[in-house]
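Me: I have a model open and would like to go through parts of it. Can we start with the sheet?

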Amino acid sequence: MNFGEVCGKYEEYVIGMRRDFHRHPELSKKEIRTSETVQRELARMGIPYVTVDGLNVIGTVGKGRSPKTLAVRADMDALMVTEKTDLPFKSENEGVMHACGHDGHTAMLLGVAAVLKELEDEIEGTVRLCFQTAEEENSGAQQMVAYLKENGGVDQAIGLHIWPSVPAGQIVLMPDRCMAGCIGYHVDLTGEGGHGSRPDLVKDPIKAACDLVLKFASIPGNYYDITDPCVVSTGYVNAGTYSNVLPSSAYIEGSCRYFKNGGEIQIIEKMEMMVEGVSKAYGVEGKMTIWPPYLPVVNTPKLVYEARKLVEEIDGLEVKEDADPIMGAENFSQFLSEYPGFFAILGGGNKAGDRQYELHSDKFDFDEDALRLGYEFMARYAYEYVKR
């Protein structure tokens, strides 16, 4: 049996599914059509499945005669972005776009499903095909992991993300830290407004907000472990309605990124101290809200080395060695917090070296040659692990 030939049979199917998902993007927790399409395709393949928490889908392949189990995960949600590409299959859902490659992830996992179903007689163990909702809102993974734990668990979990700055034909497999942990924050500041000519008579939340933006940015390097890469950024500031009116309220939002488990605790403590101190200094009331954290994505070294060896068997794919951990976050970390496994970064950039738009750009796209390499990599790993 030539594994590559089996995988090659489904390339056009996977590309077609990717384009279908791209044309019909859906936001987090609203992936109704996407989930229904996945369910339809699994049923057509003869793969049993369950839905979890509404829209998550878990299919099952394998004979189950061996206790070995593996979860393979893909995310399905899109972003609130108005697409500005010239693709013939561009988004038909105004203001919503697959600008992060999740359309490709979902299509590749359907490719994995098709390959493994064809080879199911040789699969002694069990593969759980996990199609996840709401990754962009840090949801979905928690519900799927809870379901797996309640139903026997898995021995390993794997996933991947397509990446525009890595050329198609390359894959990044980091043996330890892969992607950062992340917390989002929101600070409400309430003071007393007034006329711009008499700032001495008001309690100005704008000055407090600006001070906090700078103080938060000083946390890395001054108040946090210098050996752990860290970023504290403010991406949204809102205050005021007119040039000579000092408002009574302001708020800021941003994110903090780090790699060490538990790093968010130290960062949050320092931020809370800064909010309290700045609020007192400017005579305003400050309240900070922290959103549930994305945990750091930390791969299992032994399994990464096994996966690297497997790449040698895939025609057209090679391991990219000179890669650094990524400051972006991914809630596949919920799987890796419970089970050994790894998260791979699959090259989706143009092999000709042309400029590629980054993730979340309104012009984001990727080289579709990457799709076959991605689903063959995941299918091979799953097959080799659970076949005996």
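Reply: Eight strands make up an open sheet with mixed pairing, in the order β1-β2-β4-β3-β5-β16-β6-β15. Helices (H or I, at least four residues) and strands (E, at least two) are DSSP runs, numbered from the N terminus, and two strands pair if DSSP finds at least two bridges between them. This is a predicted model, where local features need pLDDT of at least 70, side-chain atom pairs count only at pLDDT 80 or more, and totals for chains, interfaces and linings use all residues. Residues are numbered from 1 along each chain as its sequence is written, and side-chain values use heavy atoms, with hydrogens and water left out.

Me: Which strands stand at the edges?
Reply: β1 and β15 (318–319) do; each has a single partner strand, so one side of each has no neighbour in the sheet.

Me: What packs on the sheet?
Reply: Helix α11 (residues 369–386) touches β3, β4, β5 (156–167), β6 (170–172) and β16 (341–349). Contact means heavy atoms within 4.5 Å. The direction of α11 makes about 160° with that of β5. Axes are lines fitted to C-alpha atoms, for helices over the stretch in contact, and angles run from 0 to 180 degrees between N-to-C directions.

Me: In what sense do β3 and β4 pair?
Reply: Parallel, over seven bridges. Leu70 has Val127 of β4 as its bridge partner, and Asp75 has Gln132.

Me: New topic: α3. Which of its residues are buried?
Reply: Thr34, Ser35, Thr37, Val38, Gln39, Glu41, Leu42 and Met45 are buried in α3. Those residues pack against α2, β1 (49–52), β2 (56–61), α4 and β4 (126–132). Just after α3 comes Gly46, with a positive phi of about 80°.

Me: And α2 and α4, at what angle do they cross?
Reply: Roughly 145°, with the axes of α2 (residues 11–23) and α4 (residues 102–118) coming within 8 Å. Among the residues that meet are Tyr13 and Phe21 in α2 and Met108 and Leu110 in α4.

Me: Last one. Where does Asp228 lie?
Reply: In the loop between α7 (219–222) and β10 (231–239). Asp228 counts as buried because its relative accessibility is 3%. Not counting residues up to four places away in sequence, Asp228 touches Arg177, Tyr258, Phe259 and Lys260.

Note on methods
Buried < 20%, exposed > 50% of the residue type's maximum accessible area, 1.4 Å probe, protein only.
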